[in-house]
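Visitor: I would like to take a close look at a single part of this molecule. Could you guide me through that part step by step?

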Amino acid sequence: MDSQALIGAQVELTAPDGRVYRFRVHSLVPYAGETYAVLAHEGQVEQLLVTHIETDAHGAPVFVVAQAEDIISAVMEKQLFQSVSQAMAQETARDEE
């Protein structure tokens, strides 16, 4: 599975009550030897959801919602750092042009 190809992909998650929610893969964050996907649900207010990426028997990605607060916090901190770093790099590239 090429994880980078998942960025921007649309995914559906099914709640225990059967309701289906649609998200897009906002970013991938390595943490503690695992890959986590930050999913964005866009509505009136954008919501972010931290999931662990696993694979099913056919090798397709499966998104499992992270439950541990310490993991969620660490992944969101890393995601924020990545976003700020990318924005700064883009600004530097614009300044050099």
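Visitor: In which sense do β1 and strand β2 pair, and over how many bridges?

Guide: Please keep in mind that what we are looking at is a predicted model. In this model, β1 runs alongside strand β2, which covers residues 20–31, and the two pair in the antiparallel sense over five bridges. Within this pairing, L13 is found opposite Y21 of β2. If we now step back from the two strands, we see that they belong to an open sheet of five strands, arranged in the order β1-β2-β3-β4-β5, with antiparallel pairing. The edges of the sheet are β1 (10–14) and β5 (61–65), each of which pairs on one side only. On average, neighbouring strands of the sheet are turned by 50° against each other, if direction is ignored. Helix α1, made of residues 69–96, packs on this sheet, where it touches β2, β3 (34–41) and β4 (47–55), and the direction of the helix makes about 80° with that of β2.

Q79 counts as buried because its relative accessibility is 6%, and the cut-off for buried is under 20%. Apart from its neighbours within four places in sequence, Q79 is in contact with H26, S27, V29 and V38. With H26, one of these residues, there is also a polar contact from side chain to side chain, at 3.2 Å.

Definitions and conventions: Residues numbered from 1 in each chain as written. Predicted model: local features only at pLDDT ≥ 70, side-chain atom pairs only at ≥ 80, totals over all residues. Heavy atoms only, no water. Pairing = 2+ DSSP bridges. Helix = DSSP H or I, 4+ residues; strand = E, 2+ residues; numbered from the N terminus. Axes fitted to C-alpha atoms, helices over the stretch in contact; angles between N-to-C directions. Contact = heavy atoms within 4.5 Å. Buried < 20%, exposed > 50% of the residue type's maximum accessible area, 1.4 Å probe, protein only. Polar contact = N/O pair within 3.5 Å; in protein donor to acceptor, adjacent residues only side chain to side chain.
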